[in-house]
Amino acid sequence: MTDLQETWYPAADLNIPLPPECYGYPAGTRDQNQPIAVVHHIAEGYFSTLTDPGFWLSRGSSVHFAVAKDGRVAQLVAIDNAAWGNGRVQHPTWPLLTPTNPNLYTVSIEHEGFTGDPWPIAQVDASIELTRWVCDVAGIDPSANTIIGHYRIDGVSRANCPGTGWPIDTILYQLQHAQGAIFTPAELATIRRTARHQARLILQEHRRNGTHLTTTQHVAYDATDGRDAG
Ligand SMILES: [Zn+2]
C-alpha cells in the first residue's frame, strides 16, 4: 500500500486515465507503486500520440505523465499505480535500483519530441513543476539519483532516452534551489506562445527529414519484461 497525499496532478491540462489493461501486476492491480524516483523520458513522438489511449493499449505499456513541447501536461496513470515504463533493466547505472521491478518504485514522465531536440523553455518549466509536485507528494528529495533519465535503468535499448537535449542541470537546479515556478503566469503565457511556434518548427523539420516516422520505436516499452520481473 502506498501512502501518497494525492495521486492525480492538480495542474494537469488533461486527465486521460488509461484502462486497467495498462498498469499493475497483474494488469489492473492498483496501489502498488511506492515512488522513490522520477524517470524522465523522451518520446520519439508527439503529444497527440502520447495522449491517445489506443496507442498505449496497442503497445501494452504506459507512463504516468506526458509533457508537450508547449508545456501542456497530461496524466494517464495515477502515481500510486505501477505504470509500465521502466520495467526492462539492462546495463543499469542507477545505484538505487533493487532486484524488484522498477515500475513498482518509479514515476514515469514522457516528453514530446525526439532525442537531441532542444527542449522549449515551456516544456522544461512544465516538467520541473510536475516533477516538483511528484517529489512533494511522494516525499522524494530531488537529487541526481532520484531524478533520473531512463538510460540509467536501461543503458542498452534506451541509451538515448532522454538524450542530449534533456536539461537535467536546469531541472535539478530549479528543484533543489528554487521554491516556486520559474516564471510568472504572464511570462509563462508569452513563453508558451513562443514555444508553440518553436515546437512547430522542430516538428516541421522532422517531417521534412522523415525522422518523424520513428514514433513507435521508443515506446516499444518494457511491459513484457516488467511483468516478468514483478
Ligand atoms: Zn524512455
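1. Among contacts in the protein chain between residues at least 6 apart in sequence, 80% join residues at least 24 apart, a contact being a pair of residues whose C-beta atoms, placed from the backbone, lie within 7 Å. The model is a predicted one, in which local features need pLDDT of at least 70 and side-chain atom pairs count only at pLDDT 80 or more, while totals for chains, interfaces and linings use all residues. Residues are numbered from 1 along each chain as its sequence is written.

2. The protein chain holds 7 helices and 6 strands, where helices (H or I, at least four residues) and strands (E, at least two) are DSSP runs numbered from the N terminus. Their order from the N terminus is β-β-α-α-β-β-β-α-β-α-α-α-α. Of the 230 residues in the protein chain, 47% are buried; a residue is buried if 20 or more other C-beta atoms lie within 10 Å of its own, exposed if 12 or fewer, and partly exposed in between, with C-beta atoms placed from the backbone.

3. Helix α3 has 18 residues and reaches 25 Å from its first C-alpha to its last, close to the 26 Å expected at 1.5 Å a residue, the expected span being 1.5 Å times one less than the number of residues. Because 15 of its 18 residues are buried, α3 is largely enclosed by the rest of the structure. Just after α3, Gly139 takes a positive phi of about 70 degrees.

4. Helix α3 (residues 121–138) packs with helix α4 (residues 168–177) at an angle of about 45 degrees, their axes lying 10 Å apart. This makes α3 oblique to α4, given that angles under 35 degrees count as roughly parallel, over 145 as roughly antiparallel, 65 to 115 as roughly perpendicular and the rest as oblique. On the α3 side the contact is made by Val124, Ser127, Ile128, Thr131, Arg132 and Cys135, and on the α4 side by Thr170, Ile171, Gln174 and Leu175. By class, the contact of α3 with α4 has 5 nonpolar, 4 polar and 1 charged residues.

5. Ala68 lies in the loop between β3 (65–67) and β4 (73–75), and it counts as buried because it has 27 C-beta neighbours inside 10 Å. Leaving aside residues up to four places away in sequence, Ala68 touches Phe47, Glu112 and Gln123. The C-alpha atoms of Ala68 and Pro120 are separated by 9.5 Å, although these residues are 52 residues apart along the chain.

Notes: Contact = placed C-beta atoms within 7 Å. Axes fitted to C-alpha atoms, helices over the stretch in contact; angles between N-to-C directions. Nonpolar A, V, L, I, M, F, W, Y, C, P; charged D, E, K, R; others polar.
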